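Hi,

Here is the structure I said I would pass on.

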Amino acid sequence: MRLFAVCALLLFKVGLGDACASNQFAESGQCCSLCPAGFEVETQCGKEDTKCAPCPKGTFSSSEGLGRCLPCSKCPRSVPTVASCSAVQDAQCECDSGYFFLRERSLCAPCSKCTRGEGAVRQCGLQGDNVCQVCGTGTFSEERISTKPCQACTQCSDSEVEIRSCMPNSDTLCMDKKLHILSRPAEADGTREAPEEEVTEGQGASPSPGTPKFTPQDNIVAYVSVLAAVVLGLIIYVAYKCWRSCKQKKALSKARAAELGSSPEGEKLQSDSGVFLDSHSLQDNQLSKAGTKIDGKQDTRLYNNLPPSRQEEVERLLQEGGGRGWRQLGAALGYEPEQLDLFGRGEAPAHTLLSNWAQKEGSTLGLLCSALVRIERPDVVTGLTCPAQGVSVV
């Protein structure tokens, strides 16, 4: 008889398992009650039903359960308190946008993001972090990083055909039924069905047999032809730029040779029997000396004293210098690569470099000219109008 009673009690528990919220039963077979919000378990369910007691001061319980009340959180000094802690709710701390209050560590933590195929069922805010869940049937989310809920899938209209069904990470793919790609290429007798777009409105006649019809193969040939034309145009453009650059270099070399030949020092060197000196090397030597001493005195003119128009011209030349531009000048002036990378983030790095350098003590034109000669930029030295007369060779 006792065994029968136990079996009956077990069957009763199994039958009511789904209806019992706590999934626990007393010895009498009664479903154990849950403590409501604001209460905690005082006596566990066993011989008798669960006994609950109000949460002590400084603790809270925000939902039904069979556990103990949790200690209230304290907002940091830098985080405003929206609501104080109560028996049914923890303290509400207002973090900045994109952050939530992490009570385990008493700090504002960045909100987590839902990945593709997931949607947020609870937005990040006073209630805590984002809660993400895989999109269910009829919903999707194509964003890789998102805080939005799943969106409803698109339903194809009567004039469209479904190419791909909706999935958690992608929407339904629909296509117009009137597109040529969906039409039949030929009938069994060899005649082709004319698309609806080709039928003249108000007339039932089909297009004439001589009308040209384009196939996918024709489209591929057209695309390849366009691509070949673009590549050929690029090759011609690069070749033209190279030819123009070489022509400019030759003209510059001739101009340098002519300028050197007209100077007294150039004539003296060229008149020496058995002696040949490259004109470019001689000009760099002259510019280097001109940048350091003038009439036996150090060039103490400051770069800041140059007219703004001349400074802009120097900055333009350095900006267009390519491989020997403002970055190489900065290295010659003693700047570290990290500083040059920082200057390069702006819109006018040459202006930033020279403005920064001009604020330093001893930023004279003599030092600037010497650095420009070392990086082989005599054109910029000319833009500075560094003196080339009265040069001391000491």
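**Helix contacts**

Let's start with helix H5 (residues 308-319) and helix H8 (residues 349-358), whose axes come within 8 Å and cross at roughly 125°. Before going on: this is a predicted model, in which local features need pLDDT of at least 70 and side-chain atom pairs count only at pLDDT 80 or more, while totals for chains, interfaces and linings use all residues. Residues are numbered from 1 along each chain as its sequence is written, and side-chain values use heavy atoms, with hydrogens and water left out.

A few terms: helices (H or I, at least four residues) and strands (E, at least two) are DSSP runs, numbered from the N terminus. Axes are lines fitted to C-alpha atoms, for helices over the stretch in contact, and angles run from 0 to 180 degrees between N-to-C directions.

H5 and H8 are therefore oblique to each other (under 35 degrees is roughly parallel, over 145 roughly antiparallel, 65 to 115 roughly perpendicular, and the rest oblique). On the H5 side, the contact (heavy atoms within 4.5 Å) is made by Val314, Glu315, Leu318 and Gln319, and on the H8 side by Pro349, Ala350, His351 and Leu354. Sorted by class, that contact has 5 nonpolar, 2 polar and 1 charged residues (Ala, Val, Leu, Ile, Met, Phe, Trp, Tyr, Cys and Pro count as nonpolar, Asp, Glu, Lys and Arg as charged, and the others, Gly among them, as polar).

H8 also meets helix H7 (residues 337-344): their axes come within 8 Å and cross at roughly 130°. That makes H7 oblique to H8 too. Leu340, Phe343 and Gly344 of H7 touch Pro349, Thr352, Leu353 and Asn356 of H8, giving 4 nonpolar, 3 polar and no charged residues.

**Disulfides**

How many disulfides does a search of the whole structure find? There are 12, counting pairs of cysteine sulfur atoms within 2.5 Å. One of them joins Cys32 to Cys45, with S to S at 1.9 Å. Its torsion about the S-S bond is about -70°, so this disulfide is left-handed. Cys32 sits in the loop between helix H1 (2-15) and strand S1 (39-43), and Cys45 in the loop between S1 and strand S2 (51-54), 13 residues apart.

**From the UniProt record**

The unreviewed UniProt entry puts a "transmembrane region" at residues 220-240. In the model that span is 100% helix and 0% strand, with its end C-alpha atoms 30 Å apart.

Cheers

Note on methods. UniProt positions are given in the numbering used here, feature names are shortened, and annotations may be inferred rather than shown by experiment.
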